[in-house]
Amino acid sequence: MEKEADIYIDGKDIVFQGKRITYEKLSPKLEGRHNLYNIAAALAAAVENGCELEAAVEAVTDFKGLCHRMEHVRTVNGVKYINDSISTIPNATISAVRTFDADTVIIGGMDRGINYDILIDFLNGGSVTNVICLPDSGYRIADMLKTKSNVFKAKDMEEAVKKAADVSRRCCVLSPAAASYGFYKNFEERGDHFKALVNKL
């Protein structure tokens, strides 16, 4: 049973060797339940290697995470913009959308011919209101979607961000589920371009 473990998640709190560390005390900059598990593992490893628990908890509050992985860019007109350019597989995109309860997702990039069934099923389930699709893989996904969501084909990132600004009401996530090659040098360049465009809104 989980609660018999040395460390486990209880709601949004972490319990470590009987000590409750509240979510408010952690105030993590990384969102999502999966990150709570990552934080719990990091705390256990730090303490196991001689770090005081309080010092480890304090370090969590300062940790901003990786660039291009669920990175908060800014909030514009009440809409959060999230850069998840490092996402190159469907599961990562699904995780990002769920974490932020996004109403808009920007997907697509180099089409490596990977299986998108799990992402298509997720999007067909009405998880997001707006699906903005970039070439080439995004166009393939758009053609396979049978959802009540709004599906848009954008010719490039500029058009995608402009459309996102028009239709988003809560949160827009760039989470391509595809490699960047053929359009950008790498995922960092793609993410930086997205951030630059968002910062001009």
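1. Leaving aside neighbours within four places in sequence, Ile141 is in contact (heavy atoms within 4.5 Å) with Ile107, Tyr116, Leu119, Ile120 and Leu123. The model is a predicted one, in which local features need pLDDT of at least 70 and side-chain atom pairs count only at pLDDT 80 or more, while totals for chains, interfaces and linings use all residues. Residues are numbered from 1 along each chain as its sequence is written, and side-chain values use heavy atoms, with hydrogens and water left out.

2. Ile141 is also one of the residues with the most contacts inside the largest nonpolar core, together with Leu119, Leu123 and Val131; this core has 24 residues. Two or more residues of the core come from each of α4 (90-100), β6 (104-107), α5 (117-124), β7 (130-133), α6 (137-144) and β9 (171-174). A second, separate core has 18 residues, including Val79, Val161, Phe194 and Leu197. A nonpolar core here is a set of buried Ala, Val, Leu, Ile, Met, Phe, Trp, Tyr and Cys residues joined through side-chain atoms within 4.5 Å. Buried means under 20% relative accessible area, exposed over 50%, and partly exposed in between (1.4 Å probe, protein chains only).

3. In α6, the buried residues are Ser137, Gly138, Ile141 and Ala142. They lie on the same side of α6 because they cover an arc of only 140° around the axis; the arc is that of the directions from the helix axis to the C-beta atoms. The buried residues of α6 pack against β6, α5, β7 and β8 (150-153).

4. The loop between β7 and α6 contains Asp136. The peptide bond from Pro135 to Asp136 is cis, with omega near -5°.

5. Helix α3 (residues 53-62) has Leu53, Ala56, Val57, Val60 and Thr61 as its buried residues. Seen down the axis of α3, these fall within an arc of 150°, so they line one face of the helix. The face turned away from this buried side carries the exposed residues Glu58 and Asp62.

6. Lys25, placed in helix α1 (residues 23-26), touches Glu54, Val57 and Thr61, not counting residues up to four places away in sequence. Lys25 and Val60 are 35 residues apart in sequence, and their C-alpha atoms are 9.8 Å apart in space. Lys25 counts as partly exposed because its relative accessibility is 42%.

7. Gln17, in the loop between β2 (13-16) and β3 (19-21), has a positive phi of about 50°. Gln17 counts as exposed because its relative accessible area is 52%. Asn77, in the loop between β4 (71-76) and β5 (79-83), has a positive phi of about 50°. Asn77 counts as exposed because its relative accessibility is 78%.

8. As to the chain as a whole, there are eight helices and nine strands; helices (H or I, at least four residues) and strands (E, at least two) are DSSP runs numbered from the N terminus. Buried residues make up 45% of the 201 residues. Among contacts between residues at least 6 apart in sequence, 65% join residues at least 24 apart. The C-alpha trace spans about 55 × 35 × 30 Å along its principal axes.

9. The chain exposes about 10400 Å², of which carbon and sulfur atoms supply 50%; accessible areas come from the Shrake-Rupley method with a 1.4 Å probe, and for residues only the protein chains shown count as cover.
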